[in-house]
Amino acid sequence: MIIKTQKSIAASEITDPLIFKQRRQIIKSLLAITGAGIAPAWASENKPMWNKLPQGDFSAHDLTPTPLELIKNYTNYYEFAFNKEDSTDLAQHLTIDPWSVEISGEVEKPTRFHLEDMVRQQTLEERIYRFRCVEGWSMVVPWVGFSLASLLKSVKPLSRARFVKFTSVHEPEVMPNQRSNAMLTWPYTEALRIDEAMHPLTILAVGLYGDVLAKQNGAPLRLVVPWKYGFKSIKAIVKIELLEKPPLTTWNQAAPHDYGFYANVNPNVPHPRWSQNSERQLNSRFFTPRRQTELFNGYGEQVASLYRDMDLEHFF
Amino acid sequence: MMRIDKLWLTTLLAGLIPLVWLLFDIAFDQLGANPIQALHIRLGDWTLRFLCLTLVITPVQTITKWRGMTTYRQMLGIYTFFYASLHLLSYLLVDHAFQWRMIGIDIIESSYIWLGIVAYIIVFLLAISTPKQIKKYLGKNWKKLHRFIYLAVGAGILHYFWQLKGNLVEPLFYLIIIVLLLGFRVLVWLTNRQLSKMMIPKSRK
Ligand code: HEM
């Protein structure tokens with residue numbers, strides 16, 4: 001499959017690559033000072049985590065990534081708290097090492113992976129993707145990850161497998177809203193159709209800005225599906241199941257009229273209570289206009305064919 | 001008299017504290033990762049708080065039997081209008097940079113904003129009917145018009161509820177306050193009616 005890279009980007013969004021590199025150097029050297037404690041077992045200490053990862057054809061290398069500090073401080077994690085500040089603080093209590101991931105269901109080789117083994121078998125790449133939240137904000141994230149398709153192929157999906165379900169960690173000890181059973185059905189689950197899961201844009205991420213993911217960003221392993229609203233990109237994955245029937249997913253189950261199974265970014269389908277036509281890009285100054293939201297978050301060229309005969313207003 | 005004047009001045013200045021605080025946070029970059037939204041939300045919160053404070057005055061006056069409070073009610077009402085206008089302006093200018101097409105689509109598709117607009121129109125009408133001449137001109141209708149403040153606060157709270165994904169605690173707090181205040185007014189109204197009923201047969205004797 002040949003996939004074109006991102007289409008043209010407004011000049012104002014392009015950063016001088018040199019500045020970007022320098023900035024990353026600075027961040028890396030800062031992390032090198034404090035980094036030893038946060039590195040998981042599969043990272044060798046004292047070295048920058050991932051130096052010079054290949055970018056691949058799927059990365060929008062001409063987009064300016066949102067500064068790391070903003071990415072780390074503006075994220076939802078409802079297991080911990082319903083607001084961004086508290087959830088970021090509380091997420092630090094999650095233990096992510098050791099970590100294992102079970103892959104089961106309609107596969108020839110059900111496997112339980114230690115995270116480090118799983119990552120060692122995959123090719124890591126940097127993928128600079130747009131990230132759009134249903135709440136109406138967006139950022140540009142330089143993920144470090146690998147193709148989900150490649151992982152799934154390694155366990156040999158059966159032809160019966162038509163959906164892929166993901167389950168987040170269940171740790172009521174450290175996750176207050178799981179402990180009190182607040183709002184949603186825990187643990188958090190998400191799912192993709194098998195063709196969405198096998199799409200080369202879909203990755204499992206282990207890092208951000210060349211280093212390991214921060215806990216609030218979904219460490220140690222999260223899904224990233226850049227053409228869908230952020231809540232589809234489930235965090236802290238412990239289980240991946242291949243299924244014949246579509247599974248229930250957390251938000252869709254909690255509020256089916258608000259959050260559909262597909263949740264493809266679509267400016268023409270408003271949320272029942274608010275518009276999805278535009279988005280506030282993080283790191284923009286006062287008086288900067290909002291960005292016009294794009295169908296499939298700008299990835300239409302690559303993914304529109306997956307939904308060719310579907311009424312996107314019905315299957316939102 | 002002097003004491004009241006000092007209090008008046010203090011209240012006037014106190015009403016500006018949220019604005020000064022906000023300007024301070026803007027200047028020192030204390031508004032977090034999404035400062036545009038934070039600014040807008042702060043102004044919305046203060047609008048609702050001033051609206052609630054405005055409604056507290058009459059019950060306090062009834063309980064304490066202190067007569068000089070109407071000026072404070074008026075001042076708080078004007079501050080409500082002031083913060084509501086800044087909230088609206090931050091939406092139109094700071095967030096949308098006067099991109100009218102985008103603003104139009106956003107308003108049409110966001111039902112929670114309609115409720116904000118209803119609340120704002122009422123607060124606006126109440127504010128412009130403040131001058132003495134207009135008050136005189138409106139006569140009894142002035143009081144009737146000002147009862148709409150309850151509709152405004154109801155719309156304001158719904159406007160708050162309606163945009164949330166899940167956390168209902170904060171708007172619930174305002175809702176409880178307003179139900180209490182409204183309950184108090186109804187109670188006073190009922191007792192007054194009761195009293196006047198008892199008065200009638202007596203006077204006829
Ligand atoms: C008296 C009138 C109004 C009151 C009392 C009010 C109050 C509020 C409150 C309390 C919030 C929520 C803040 C929070 O999340 O803590 C809010 C949010 C908001 N208001 Fe208003 N508002 C009023 C009028 C308006 C008007 C006229 C508009 C637009 C034309 C508007 C647009 C918005 C928007 C867009 C938000 C959402 C901010 C966000 O979460 O991104 N409001 N308002």
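Modeller: Let us begin with pairing: two strands pair if DSSP finds at least two bridges between them. Please keep in mind that this is a predicted model.

Biologist: In which sense do β1(A) and strand β10 of chain A pair, and over how many bridges?

Modeller: Strand β10 covers residues 237-243 of chain A, and β1(A) pairs with it in the parallel sense over four bridges. Within this pair, A:Ser104 stands opposite A:Glu241 of β10(A).

Biologist: In which sense does strand β1 of chain A pair with strand β2 of chain A?

Modeller: Strand β1 (residues 100-105) and strand β2 (residues 111-114) of chain A pair in the antiparallel sense, over four bridges. The two strands, β1(A) and β2(A), form a hairpin, and five residues lie between them.

Biologist: What is the phi of A:Asn297, and is A:Asn297 buried or exposed?

Modeller: The phi of A:Asn297 is near 55°, a positive value in a residue other than glycine. This residue lies in the loop between β12 (291-292) and α9 (300-303) of chain A. Buried means under 20% relative accessible area; A:Asn297 has 1% and is therefore buried.

In chain B, B:Ala97 also has a positive phi, near 45°. B:Ala97 is found in the loop between α4 (70-95) and α5 (100-109) of chain B. Its relative accessible area is 17%, so B:Ala97 counts as buried.

Biologist: How many helices and strands does chain B have?

Modeller: Chain B has 10 helices and zero strands. Its C-alpha atoms fill a box of roughly 70 × 45 × 35 Å along the principal axes. Of the 205 residues in chain B, 38% are buried.

Biologist: Let us turn to the surface. Which residues gather in a patch of positive charge?

Modeller: The positive patch on the surface is made by B:Lys140, B:Lys143, B:Lys144, B:Arg147 and B:Arg185. Helix α8 (residues 140-147) of chain B gives the most to this patch, with four residues. B:Lys144 has its place in helix α8 of chain B. Exposed means over 50% relative accessible area, so B:Lys144, at 55%, counts as exposed.

Biologist: Which residues make the nonpolar surface patch?

Modeller: B:Trp8, B:Leu9, B:Leu13, B:Leu16, B:Val20 and B:Phe82 make a nonpolar surface patch of about 530 Å². Helix α1 (residues 2-14) of chain B gives the most to the nonpolar patch, with three residues. B:Leu9 lies in helix α1 of chain B. At 45% relative accessibility, B:Leu9 counts as partly exposed, because that class lies between the cut-offs for buried and exposed.

Definitions and conventions
Residues are numbered from 1 along each chain as its sequence is written. Chains are lettered from A and ligands numbered from 1 in the order in which they are written. This is a predicted model: local features need pLDDT of at least 70, side-chain atom pairs count only at pLDDT 80 or more; totals for chains, interfaces and linings use all residues. Side-chain values use heavy atoms; hydrogens and water are left out. Patches are made of residues with over 30% relative accessible area and no salt bridge: like charges are joined within 9 Å, nonpolar side chains (Val, Leu, Ile, Met, Phe, Trp, Tyr) within 5 Å. Accessible areas come from the Shrake-Rupley method with a 1.4 Å probe; for residues, only the protein chains shown count as cover. A salt bridge is a side-chain nitrogen of Lys or Arg within 4 Å of a carboxyl oxygen of Asp or Glu. Lys and Arg count as positive and Asp and Glu as negative; His and the chain ends are not counted. The place of a charge is taken as NZ of Lys, CZ of Arg, CG of Asp or CD of Glu. Buried means under 20% relative accessible area, exposed over 50%, partly exposed in between (1.4 Å probe, protein chains only).
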